[in-house]
Structures are given as C-alpha cells and as structure tokens.
Amino acid sequence: MKLNKYLIVVILLLCFGGALLHQLISSYQELEENKLKDKLHKTHSDAIISAKAGFDVYAAIVSSIKSHIKNSPTFPNESELQNYLNDLLNEIKFNDSIVVSYNDKDHVFKYVITQKSIDPANIKGLSARELMSTHGLKEFEELMKSDSINLMTPINVKEGWVGFPFSFKVENKQETTNGYLTSILNVKYLLNYFYEGDKESEFVHKFIVKDSFDLTREVIYNETPIYNKHVDAEYYKNFNIPEDEFIYSNINVFGLDLKIGSAFKNKPDTSNMVVFFGYLWYILISLAIVIISHQYFGIKDLNIKLRGANADLEKSLVKIETLIKEIHHRIKNNMQMISGVLSLQQEESESKEVHSALDESISRIHSMALVHEQLYNSASLKEIKTKEYSEQLLEFVEKTIGVRNFNVKKIINIDKELIFDADTTANLGLILNELITNSYKFAFKKDKDNSLEISIFKESDHYTLEYSDSGSGLPDDFNFEESESLGVHLILILAEQLHGEMTYSNKGKNVFKVHFKPLEASFS
C-alpha cells in the first residue's frame with residue numbers, strides 16, 4: 001500500500017515536472033528569440049535613423065547650393081562654385097565624398113567639381129548619354145520639368161565609386177532652363193551607419209533601390225558600367241542567409257524608394273541551453289525518489305531567483321525611463337544650442353531680412369524644443385498637455401518677436417486635460433508659431449486694443465484648431481496654394497501631415513481653422 005502511494009506521488013511529481021519543464025523551455029526559447037529580435041530591430045532602426053539624418057544634412061547642402069546659384073547675380077564659374085562648396089563643407093566631415101556636376105539640356109558635362117579638384121575623371125565635355133542608362137537619362141529629363149530637388153537612382157560614378165545624386169534644374173535669370181546640377185554623395189558615407197562598431201561582424205544588410213537594383217557601399221548592380229575596382233565584402237549575397245531571417249524597412253527619401261533589410265550573419269543558437277535543461281531534467285527524474293526534499297528547496301530557491309530577476313527588471317525599466325528623459329533633455333539642449341548659434345549669426349548681419357528670417361527659424365526650433373522639454377517633464381514620456389504647451393509657446397513668441405508696447409488680450413480655450421502625442425504636438429506647435437508670429441508682425445497695431453484667441457475642441461472623430469486675431473485679415477482673393485510665403489506653405493504641409501486641412505474665413509472675424517486627426521491622441 002505504501003509502495004502504491006509512493007508511485008502515485010512519483011507520477012504526480014513527474015506530471016508536474018513535465019509541465020514545468022515544457023513551460024520553462026518554451027519560455028526560455030521565446031525569451032531568447034525575443035532578445036535576438038529586439039537586438040536586430042534596434043540595430044536596424046538605429047542605422048536607418050542615422051542614415052535618414054545623413055540624407056537630411058546632404059539635402060540641406062544641396063538646397064544651399066541651389067539657393068546660392070539662384071541668388072548669384074550671374075551663374076558662378078567652376079572656381080566660384082568650388083569655393084562655395086568648400087565653405088559649405090568646411091565644418092562637415094564628408095572627406096571629399098561629394099562631386100558636383102553641371103550639365104546642359106543635352107546632358108553634356110559643363111562643370112565637374114570636387115572639394116579638392118576640378119574634373120578629376122576628365123569627363124567635362126562628354127555627354128551623360130555615354131555614362132548612364134536610358135532610364136537614368138529619362139529621370140533627368142523629367143527633373144528639368146520640375147522645380148523640386150530629387151534624389152535620383154544611385155549611379156556608378158566614373159570617379160570610381162557609387163553615389164547618391166541629388167539633382168535640380170538650373171535656370172537663367174529669364175527663368176529659361178539651362179540644364180541641371182547634380183550633387184553626388186559617396187554612398188559609403190551613408191551606408192557605413194549600418195556597419196559601425198561591432199555591427200559589421202554580427203549583422204548583414206541589403207539595400208534594394210526601386211525593388212530592382214542591389215546597392216552596396218562600392219557598387220550598384222543596375223547593368224551600367226562599374227568603375228570601382230573595390231568589392232564590398234559585406235554584400236549580403238556572400239552569406240547565403242535565408243530570406244525569412246531578414247527584417248525590412250521601406251523608406252522614401254526625397255522621391256527615391258529604398259528597401260533596407262537586416263539580418264544576423266550567423267544567428268545565435270540557443271539549443272545548447274535547451275539541451276542542458278533537458279539533461280538536467282533527466283537527472284532529476286532519475287534521482288526523483290531520493291531527492292524529493294532537495295527538489296522542493298531547489299524550486300523554492302528558483303522562486304527566490306525569479307523574484308530577484310523581476311526586481312532587476314524593474315530597476316532596468318527605471319534606468320530606461322531615465323535614459324529616455326535624458327535623451328529628450330539633450331535634444332532640447334541641442335535645439336537651444338542651434339537657436340543660440342542663429343542668434344550669434346544675427347549679430348553678424350545688418351540685414352533686416354536676415355534678422356527676420358533667423359527670428360522665424362529660432363521660433364520654429366523653439367516650438368519643437370518645447371515638445372521635448374514637455375516630454376522630459378511628463379510622467380508618461382510620450383504625452384504632452386496641450387494647453388500648457390500652447391501658453392509657453394505663446395510666451396516665447398512674444399519674447400522673440402518683441403511685444404513693442406502692444407496691448408494684446410490673449411484667450412486660450414483648451415481643456416487643461418487635453419493631451420496629444422509628441423508628433424501631433426510638434427506639428428500643432430509649428431502651425432501656432434507661424435500664426436502667432438504673423439499676428440504680432442502684421443495684425444497688431446500700437447495704441448489699439450489687439451486680441452488673439454486659440455481654441456482646440458473635438459468634433460466627432462477629429463479635432464479642430466481655431467485661431468483668430470483682431471487684424472484686418474487677408475485679401476479676399478488671397479490664394480494659399482500659390483502663395484510664396486514659407487509660413488503659409490509650412491502650415492499647409494503640417495495640416496496635411498495631420499491628415500487634415502486648413503481653412504480661412506474673414507466674415508466679421510479673421511479666423512484660421514485646421515481640422516486634424518491626432519496621430520496618437522487621448523482625452524483624459
């Protein structure tokens with residue numbers, strides 16, 4: 001009878017142990033798999049963020065070149081353009097990775113400039129038809145019909161590397177198209193973000209342009225001539241990695257579709273640990289009868305360790321929250337530093353236009369910096385109290401513009417519990433910045449009772465931002481779409497980013513309305 005009781009106890013213990021073993025192995029495998037996925041996703045996301053930032057810097061450089069050419073009394077010659085390029089890149093570490101070319105309407109190279117030399121590959125006077133595919137030429141034909149700056153399909157540059165071409169059409173003073181200017185950045189400069197530190201030894205990446213062409217740091221394989229003798233040892237096809245092990249992001253950078261994939265070169269194997277637990281359980285089964293009491297204390301000890309692990313996890317979460325706060329704080333400080341640099345730049349110029357433009361830039365930067373300051377001070381690290389943010393933004397704009405003895409009555413009709421996410425608040429902040437700035441610049445008068453009113457309220461499945469001031473308003477025939485005002489275009493773009501639209505009326509009251517849907521909003 002005693003033997004049967006012991007057998008029943010053993011069977012029950014084995015059933016319990018088998019279920020526990022299965023749960024432990026499954027949980028362990030899931031935990032390890034999630035760790036690997038998180039590591040891969042973080043590496044992939046960080047590199048994409050860095051590469052996008054690099055694209056933005058590059059685009060700003062190209063935009064500066066375009067503005068320089070447009071505002072020059074005459075079209076600059078090669079030396080003048082090279083000097084401007086050097087001045088522009090003096091503080092940026094591109095390491096002579098940019099070549100700028102100017103082609104006429106027949107695609108003949110007129111200028112070919114790098115930071116250190118002029119026409120190093122001796123292609124001036126040649127036609128791009130000799131170096132590019134028909135598809136590439138067609139892109140440039142379409143470019144000359146547009147006023148925008150576009151990132152074209154990467155090309156194998158005759159100078160011996162592969163580059164990202166940022167291009168725009170060039171016009172003379174009579175606004176007749178003379179051709180196009182192309183600034184080509186060495187692809188390696190941007191793609192190296194994916195191979196920093198130990199990333200090169202652990203991860204492999206693939207870069208697909210327009211779902212068709214493979215791109216490496218040395219070559220684009222698009223059936224055009226290759227001038228670079230170097231081969232990228234990290235080309236993903238060298239590693240025979242299964243397709244399902246890649247994670248992908250599709251990004252559109254200034255009109256260019258780029259698909260980016262990342263994977264482990266050799267995915268870590270967690271099976272050894274699983275085997276270890278299996279053998280351990282086998283030993284426990286073999287010795288179950290004689291070590292039942294020891295097993296009890298072992299499980300008790302395991303529970304203590306699990307509680308310790310949970311405590312460590314809570315500490316890690318606190319550290320992560322602290323780190324996120326520090327990131328927001330540093331972003332805010334960096335934006336304030338940029339504002340300080342712009343203020344110093346104001347002191348070096350006597351131009352009222354420059355002062356006004358820099359004031360507007362400083363105000364816009366502060367509206368975004370204020371978002372990070374609010375996030376830093378928020379408990380959730382992702383939501384901002386809209387009324388408090390609007391009040392602080394209004395106060396800053398007043399200080400930036402200068403009240404100039406205006407008597408202004410300010411009304412803010414926003415529920416103090418209304419909160420939006422950071423992206424929504426940043427867009428609304430920039431819109432309000434433009435509207436408030438315009439009121440102080442154009443609408444308000446001295447020795448007059450001036451007023452402005454800001455309201456945000458919910459309507460059905462969307463929200464409405466309503467802004468009005470006591471000014472005389474815009475002319476009846478004012479066309480927002482054709483306006484040359486940067487502020488007007490910025491408001492239209494921001495409203496579109498919020499999946500909404502902007503309307504204006506001047507019937508008895510000067511009113512701007514922006515109907516929008518928050519990206520992630522809640523009302524508490």
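## Helix 9 against helix 10

Helix 9 and helix 10 cross in the right-handed sense (the near helix is turned clockwise from the far one by less than a right angle). This is a predicted model: local features need pLDDT of at least 70, side-chain atom pairs count only at pLDDT 80 or more, and totals for chains, interfaces and linings use all residues. Residues are numbered from 1 along each chain as its sequence is written, and side-chain values use heavy atoms, without hydrogens or water.

## The contact residues

Contact means heavy atoms within 4.5 Å. Helix 9 contributes residues including Tyr 389, Leu 393 and Val 397. Among their counterparts in helix 10 are Leu 432, Ile 436 and Tyr 440.

An open sheet has the strand order 9-8-7-11-10, with antiparallel pairing. Strand 9 (220-221) and strand 10 (247-253) are the edges; each has a single partner strand, so one side of each lacks a neighbour in the sheet. Pairing requires at least two DSSP bridges.

Strand 8 (residues 213-215) pairs with strand 9 over two bridges, antiparallel. Asp 214 stands opposite Tyr 221 in strand 9.

## The whole chain

The chain has eleven helices and 19 strands (DSSP runs: helices H or I, at least four residues; strands E, at least two). Of its 524 residues, 41% count as buried (under 20% relative accessible area, 1.4 Å probe, protein chains only).

Methods
Buried means under 20% relative accessible area, exposed over 50%, partly exposed in between (1.4 Å probe, protein chains only).
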